[in-house]
Each structure stands twice: as C-alpha cells, then as structure tokens.
Amino acid sequence: VSSVVTKEHYNEHWSAGEYSCTRCGHKLYSSEHKFRGPCMWPSFRLPLTATSLHARRVPDGSYNEYACEVHELYCGHCNLFLGHQFADGRECGDSHELAGQRHCVLSLSLRFEAEAQ
C-alpha cells in the first residue's frame with residue numbers, strides 16, 4: 001500500500017487577505033495570524049472573530065497521542081470540518097506575542113480573498 005502526500009496549497013501562501021470557508025463563505029482567518037507551523041497544513045494562531053469557528057475538544061491522548069489539549073475545528077456557520085487546534089503554538093515555532101494555539105487547517109476547506117490594494 002502506498003500513500004500519497006501532497007503539498008497543501010495555502011501552506012506557503014503569504015499574501016495579505018482573509019480566508020473563508022469554501023462551503024459557505026463564512027470568514028475564518030486573517031493572513032495576519034498565519035505562521036509557518038510544523039505540519040503540512042497551513043497554520044494560524046487565532047480565528048478572525050469569536051464566531052468564526054466552532055471547536056470540539058478531543059479526549060486527552062486520543063489524537064495521535066498529543067500531550068497538549070486538542071480540538072477539532074469546524075466552520076462557525078456551516079460546521080464544515082477545517083482541521084485541528086493544538087495548545088502548543090509556542091513549542092512549535094510561533095514566536096508571536098499572541099502565540100499559544102496552533103490551528104492546522106486543511107487548504108481544501110479554505111478560500112482566500114486578497115486584501116484590496
């Protein structure tokens with residue numbers, strides 16, 4: 001059995017703008033809070049607003065044996081699965097003053113809209 005690993009479209013995308021849900025268009029993230037994380041999915045430290053996301057806690061130790069707190073992330077409007085939130089942002093290379101959480105989000109769940117010039 002072979003597995004195929006593909007590069008995530010938005011992992012190396014650094015343009016200024018906002019990321020929305022591909023299903024419903026709900027605003028999820030600002031490029032301002034995107035950072036180079038350790039996984040192959042794009043990493044963000046904060047959602048755009050308090051209602052951008054819905055998070056569901058995963059039982060301790062049940063997701064790849066992570067020692068930190070883990071949540072599944074969903075669109076705050078249509079509940080599309082987006083990825084995971086880990087409480088290890090600083091430990092994984094985010095040196096920003098707001099570092100703490102690391103949101104690893106599947107590129108297929110995101111649509112990018114560039115900031116107006």
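The protein exposes about 6900 Å² of surface, and carbon and sulfur atoms supply 50% of that area. Keep in mind from the start that you are looking at a predicted model. Of the 117 residues in the protein, 42% are buried. In terms of secondary structure, the chain has nine strands and zero helices, so its pattern along the sequence can be written β-β-β-β-β-β-β-β-β. Contacts give another overall view: among those between residues at least 6 apart in sequence, 49% join residues at least 24 apart.

Six strands form an open sheet, arranged in the order 3-4-8-7-6-5, with antiparallel pairing. At its edges are strand 3 (34-35) and strand 5 (53-57), each of which pairs on one side only.

Strand 4 (residues 43-44) is joined to strand 8 (residues 102-105) by two bridges, and the two run antiparallel. Here Ser43 stands opposite Cys104 in strand 8. Moving on, strand 8 is also joined to strand 7, this time by four bridges, and again the strands run antiparallel. Gly83 stands opposite Val105 in strand 8. Strand 7 (residues 81-86) is mostly covered, with five of its six residues buried.

On from strand 7 comes strand 6 (residues 70-75), an antiparallel partner joined to strand 7 by five bridges. In this pairing, Tyr74 stands opposite Phe81 in strand 7. Strand 6 and strand 7 form a hairpin with five residues between the strands, and in this hairpin Asn79 takes a positive phi near 65°.

Next, the aromatic side chains. The model contains six aromatic pairs. What is the geometry of the pair formed by Tyr19 and Phe112? The ring centres are 4.9 Å apart and the planes make an angle of 55°, so the pair is tilted.

A second pair, Tyr29 with Phe44, is stacked, at 4.2 Å centre to centre and with 20° between the planes. Because Tyr29 lies in strand 2 (residues 27-30) and Phe44 in strand 4, this pair ties together parts that are 15 residues apart in sequence. The relative accessibility of Tyr29 is 0%, so Tyr29 counts as buried. Phe44 is likewise buried, with a relative accessible area of 0%. Stepping back, ring pairs link Tyr10, Tyr19, Tyr29, Phe44 and Phe112 into a cluster.

An aromatic ring also takes part in another kind of arrangement. Lys34 lies over the face of Trp14, at 3.7 Å from the ring centre.

Finally, turn to the loop between strand 4 and strand 5, where both Ser52 and Leu48 are found. Is Ser52 buried or exposed? Ser52 is buried, because its relative accessible area is 1%, which falls under the 20% cut-off. A polar atom of the Ser52 side chain lies 3.0 Å from the backbone oxygen of Lys27. Setting aside residues up to four places away in sequence, Ser52 touches His26, Lys27, Leu28, Pro47, Tyr74, Cys75 and Gly76.

Leu48 has a relative accessibility of 30%, so this residue counts as partly exposed. Which residues is Leu48 in contact with, leaving aside its neighbours within four places in sequence? They are Glu18, Lys27, Leu28, Tyr29 and Ser30. Among these contacts is Tyr29, the partner of Phe44 in the stacked pair. Leu48 can also be placed relative to Ser20: the two are 28 residues apart along the chain, and their C-alpha atoms are separated by 9.6 Å.

How values were computed:
Residues are numbered from 1 along each chain as its sequence is written. This is a predicted model: local features need pLDDT of at least 70, side-chain atom pairs count only at pLDDT 80 or more; totals for chains, interfaces and linings use all residues. Side-chain values use heavy atoms; hydrogens and water are left out. Two strands pair if DSSP finds at least two bridges between them. Rings of Phe, Tyr and Trp (its six-membered ring) pair if their centres lie within 6.5 Å; planes under 30 degrees apart count as stacked, over 60 as edge-to-face and the rest as tilted. Buried means under 20% relative accessible area, exposed over 50%, partly exposed in between (1.4 Å probe, protein chains only). A charge sits over a ring if NZ of Lys or CZ of Arg is within 6 Å of the ring centre and within 35 degrees of the ring normal. A polar contact is a pair of N or O atoms within 3.5 Å; within protein, one must be able to donate a hydrogen and the other to accept it, and residues adjacent in sequence count only if both atoms are side-chain atoms. Contact means heavy atoms within 4.5 Å. Accessible areas come from the Shrake-Rupley method with a 1.4 Å probe; for residues, only the protein chains shown count as cover.
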